[in-house]
Amino acid sequence: MRFNAKEMAALAKEPKDKFDQEGVLWVKEKQEGLFRKGEVYVQRWCRLRGNVLFYFKSKEPTSEPYGAIILERCTVELDLKEEMQFSFQIVFEGDDRVQFFAARTEEERDAWIEVLHIASYECLKMQLESLREQIRNKTGKDPIDDPDPTVLEDNTETGRTNQYSSFGFKFFS
Amino acid sequence: MRLNERNLVSYATCNSPVDKEGYLMKKGEINKGFQKRWFVLKGNLLFYFEKKGDREPVGLIILEGCTVELSPEFSDTFTFGISFQGPGCRTYVLQAESQEEMESWMKAITSAGYEYMKLMVAELNRQLEELNRIPDASSLEVIPKRSSAPAVAVGSLIDFGGENNQAAASNYETASAKRFNPFNQELSPVDEFGARPFNPASEFLSKSKDRSDSAPIAPPRKPRAVTTSEFHVPMPLTSNDISRPKTDVYLKRPRTFLEMHEEFGRQIQSRIHRSMHSSASGS
């Protein structure tokens, strides 16, 4: 399956403020090479941006982007086997192969789990729907389809224009 | 660059909600011809298949850091591009069969980004917090209106008022196959990011708009009175409000999406109307 790899690699190298989390992680991978079998843990510089976890060639932030994991329909769990200390795993729906990672400290592991846990777009959208429902219950109006008219005012420096049209939302069921 | 392809192939065809799907012609990268592909948009992932019902996508466009614009090269067809910034980065050229379809896809793709969704969530969170803070407050308040035209990063506030919408609608049906820019691109100024095309995320993130950047043909907006709502809180305008940190994007956002959306609709209809008139006079 083709994808916009070059463009993603460019995104992977953007400044820190574009990322939700970054740091060095041990990533369990198939060993490269003709005569080697099995898997090893390799240290990689990792950066999470939305639902994309980028990983680089080495643990150096200056190394080149090596790959990306798109986090949809997956769960992030503790790894009870703990081959490596502070390990955790990502399990994808319909895939029996588990992706193992390990952090360098317990805090880092917990921070990564927390952020990866809610990284998927689907999760974000569910949050949106939940908030929408809550607002609807409170106001009797849908904040997206039927915004509060008091805020549909002309621009002022302090004017709060904070409603959305169905523009982007008519496609969401 | 590696990708968790297997997972994505499953994801493309699983029962997760589809935001939009349909056939589009896609221009090849090497083979310069257009090929028909079945596109499926799920969140910020735009998959394409050889045909509807296929089990494996031919490709995927991850919609992050991209902008959507009309394709200048194919201006007599309903062709648009998804462009990525950066050296050697490509523009995916896609072609729809009608103005409507093209617009629909352009809008869907434009609002597909993760950042955009994050902003929506943050906004609704903010609204909910406010609602929870103030149980019931009701009053009528008219907020003083600015006399100058508000700045916009997209489109312009052309108020055509008095359009005969019915006539425009029927003209749309019989209009010649000329496409219009749903984002009214040629009139929009370049924003802080140096980008001209419509990008809702950059709209949100833009800092204080320079009011003098507003599109030259935009007349001042008519003032609108704020109506009563039991949830509206009468907050006096203080210097605190005005000097909120620039990171508070909600204060600086120039327009609501509802307004922009309605604006597009009016502009498009009036342009149809105008183009019908100009073609009638033999241009």
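This is a predicted model: local features need pLDDT of at least 70, side-chain atom pairs count only at pLDDT 80 or more; totals for chains, interfaces and linings use all residues.
Local features need pLDDT of at least 70 and side-chain atom pairs count only at pLDDT 80 or more, while totals for chains, interfaces and linings use all residues. Residues are numbered from 1 along each chain as its sequence is written, chains are lettered from A in the order in which they are written, and side-chain values use heavy atoms, with hydrogens and water left out.

In soluble globular proteins, nonpolar side chains tend to be buried together. A nonpolar core is here a set of buried Ala, Val, Leu, Ile, Met, Phe, Trp, Tyr and Cys residues joined through side-chain atoms within 4.5 Å, where buried means under 20% relative accessible area, exposed over 50% and partly exposed in between, with a 1.4 Å probe and protein chains only. The largest such core has 27 residues, of which A:F54, A:I70, B:L3, B:L8, B:L45, B:F47 and B:L60 touch the most other members. At least two residues of this core come from each of α1 (5–12), β4 (52–56) and β5 (65–70) of chain A, and from each of α1 (5–13), β3 (34–42), β4 (45–49) and β5 (59–62) of chain B; these helices (H or I, at least four residues) and strands (E, at least two) are DSSP runs, numbered from the N terminus. Beyond its neighbours within four places in sequence, B:L8 is in contact (heavy atoms within 4.5 Å) with A:M1, A:I70, B:L3, B:L45, B:F47 and B:L60. Apart from this core lies another, of 26 residues, including B:L24, B:I82, B:M106 and B:I109.

B:K27 is buried yet has no salt bridge, the nearest side chain of opposite charge being B:E73, 4.8 Å away; Lys and Arg count as positive and Asp and Glu as negative, whereas His and the chain ends are not counted. A salt bridge requires a side-chain nitrogen of Lys or Arg within 4 Å of a carboxyl oxygen of Asp or Glu.

Across all chains there are 10 aromatic pairs, defined for rings of Phe, Tyr and Trp (its six-membered ring) whose centres lie within 6.5 Å, with planes under 30 degrees apart counted as stacked, over 60 as edge-to-face and the rest as tilted. A:Y121 and B:Y114 make an edge-to-face pair, 6.1 Å centre to centre with 75° between the planes. This pair crosses between chains, from helix α3 (residues 121–139) of chain A to helix α3 (residues 114–133) of chain B, and both A:Y121 and B:Y114 are buried. The pair of B:F84 and B:Y92 is edge-to-face because the ring centres are 6.2 Å apart and the planes stand at 75°.

A:R47 is buried, at 8% relative accessible area, whereas A:E22 is partly exposed, at 23%. Another salt bridge links A:D142 and A:R136 (2.6 Å, N to O). Through shared partners, salt bridges join A:E129, A:R132, A:E133, A:R136, A:D142 and A:D145 into one network.
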